[in-house]
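Please examine the structure shown below. The report that follows describes selected features of its chains.

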Amino acid sequence: MATNQLPLAKKDARLYMAFMYVTYTALLVGGLMGLLQTLARSGKYTLPFNINYYTILTVHGVILGLVLTTFFIIGFQFSLMEKTVGISDKQRKVAWLSFWVMVTGTIMAAITILIGEASVLYTFYAPLRAHPAFYFGLAFVIIGSWIAAFVNFRQLYVWKKAHKGQKSPLLAFMVTINMLMWFIATIGVATSVIIQFIPWSLGYAETINVLLSRTLFWYFGHPLVYFWLLPAYMAWYAIIPKIIGGKLFSDPLARLAFILLLLFSIPVGFHHQLTEPGIDPTWKFIQVVLTFMVIIPSLMTAFSIFATFEITGRKKGYKSLFGWFKKLPWKDVRFLAPFIGMAAFIPGGAGGIVNASHQMNALVHNTIWITGHFHLTAATTVILTFFGITYWLVPHLTGRRLTPRLNKLGIIQTFVWTVGMTIMSGAMHIQGLLGGPRRSNFSEYAGGEQVATWINYQIAQTVGGTILFIGILLMVYIFIQLTFFAPRGVEEFPIAEEEKNAEPTPKILENWYLWIGITIALILFAYTIPVFDILKHSPPGSPPFDWPIGRG
Amino acid sequence: MHLHKYEKIWLIFGMASLVLFLLIIGFAAFWKGTHPQSHIETIDPQNVEAHDAFKPENLGIREVADGKYIVNIVASAFNYDFGKDKEGNAIKTIRVPKGSTVLYQITTKDVVHGFQVAGTNVNMMVEPGHISRYETVMKNTGEFTVVCNEYCGIGHHQMFGTVEVYE
């Protein structure tokens, strides 16, 4: 498509690049914290300058889990919206507002964490009390992302009005689904922050309902991970086919998968709370069933992607059973990095099924197996796909080219990442099965054989973590090259098209009232009774605790 | 909407596996009664001693019937209170004979904690205002590390104990 070759107007590119600058700064800072954590956990190295382990753990989680992901996703999605439905001057202004609100919130939270006033990890942990600026900062990040969401909704709305009767472009539809899910999910955490945490941290409320705060957090906490995953799926469905020289597998199926992800990502938060004492086990089980539903669209996605690979290969004339597979563009990093991400999602997804399996969760809950799990899913599947997007998105925005040398560096980066993560995540999975806890500084506990085994795996994690940090340095180098130094030129913005004879997309897939209605109905079904129970059977609330996190 | 024949097979296979997994989990949960721990019993976190099980003299291990034990524990940052021995020293190790049935009961006086007897199925969240319980048979001998596996503050990794199962 000709428009995909066209560079964006400078004023637009600057907006999307602003999000990318924050993304890659976050990668460097958050990655360094990760390296320090694995070093500290080896027991052979003490953190310099009296830095507290739990401060860097909080920085690592907040900066990579919330900041990097949200900034990359919103910047990438804005670029997708512009390419498919366009952006007006007014929308661009509001988009900048969303950026600055998010940046303000990030800086507030970051400073509070770095001066040691918020070592509460990114899951908050009431009744540990952080400085109010931490909660205000996070509230700003969320509000900023809402502004972005409403700009996206408006972009699609304006396009639909100008194109009566036409189906919306697939990528614009997907962005809208993701932002809808994000908005509905963040209402939970925003409620908790604004109604519970802020008044309590300021001293206006004496106590906090801990279980309610955790329930509201996890109502948001699971869709949060799908908010990271869906942009990767966008690339897999609608961008990778173009990169390998193929067409969309099926527009209606892609839309159906995204709708199912919207429906089943939210009413499932209890599977993060399976070992908590105050929730009825029957309701836990009901949410386990709903959790399993969300696997179905991922199965559909897996099929679509491999079908695209095969169809494209066969069209190019590769006849043998797996000839099409061998001939995939392995030397194109725009394909290779996301492909490794897809492959990592096979063990990652299987591990997720284990985690969500009701009583089986007790085997792994809060062990470092879980950390290994999300370093496969978020830190491999999602991040390698985001890197894969970066290789063409950044030069497209800066009017430069991905040179063969940078492409090669990217391939090396992908291998470094794969090796580092296999070692680190593998060691975490095994140590977790042996009972090793997550979120913990180095400790010999009471000594003994069990603990000695754990420490060996922690040393393996240090090796993996160090390799990963080299991968991060490489990626940041590539980003700087693509931004400032690569030769000028035109890099394609790859968007796959439908086959000419593709079947029409049923209108019902764009019936927003219907899908939002079902989403809300499912949430009400999964949460009304248990939340009512939690409120009715509330114990006396908890006063704030400052000293356990080292606050004066 | 058209579904490719192979995709239908793939999805039917996938969904059938999910249903099978759920049936197994559901069977274990509702027929065998192995739910994750959830007792929905509340307590005043600022006055846990008011509950009989968590009075200082009732902490630690108690034999309640032949081969049946109850272990009462109060968690606080950054310690598990297993009670005191005859000399008045804090107990750090719980000793049980192999094959005994042990009910662990735990609550917290302050923040959220975890309680895992590593190498067994005993793995619970401990939240202020709630009592966590898990009963299990200690089938294997050895020393099992008890760890706080839920973040509770900067001394989190120094919160531990030991369960020793002897012949």
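## Report on the predicted model

Of the 552 residues that make up chain A, 57% count as buried. The structure is a predicted model, and every value given here is computed from it.

**Overall form of chain A**

Chain A contains 18 helices and zero strands. Its C-alpha atoms fill a box of roughly 65 × 50 × 45 Å along the principal axes. A compact globule of 552 residues would have a radius of gyration near 24 Å; the value for chain A is 23 Å, which agrees. Contacts in chain A between residues at least 6 apart in sequence were also examined, and 86% of them join residues at least 24 apart.

**Helix 11 of chain A**

Helix 11 of chain A covers residues 295-315, a run of 21 residues. From its first C-alpha to its last, helix 11 reaches 30 Å, close to the 30 Å expected at 1.5 Å a residue. Several residues of this helix are buried, including A:Ile295, A:Pro297, A:Met300, A:Phe303 and A:Phe309. The buried residues also include A:Thr301, A:Ser304, A:Thr308, A:Thr312 and A:Gly313. After helix 11 comes A:Gly317, whose phi is positive, near 105 degrees.

**Domains of chain B**

The domain assignment of chain B gives two domains, with the bounds listed in the table.

| Domain | Bounds |
|---|---|
| Domain 1 of chain B | residues 1-35 |
| Domain 2 of chain B | residues 48-166 |

Taken over C-alpha atoms, the centres of domain 1 and domain 2 of chain B are separated by 37 Å.

Conventions
Residues numbered from 1 in each chain as written. Chains lettered and ligands numbered in written order. Predicted model: local features only at pLDDT ≥ 70, side-chain atom pairs only at ≥ 80, totals over all residues. Helix = DSSP H or I, 4+ residues; strand = E, 2+ residues; numbered from the N terminus. Expected span 1.5 Å × (residues − 1). Buried ≥ 20, exposed ≤ 12 C-beta atoms within 10 Å, placed from the backbone. Rg over C-alpha atoms; globule rule 2.2 N^0.38 Å. Contact = placed C-beta atoms within 7 Å. Domains from an automatic or database assignment.
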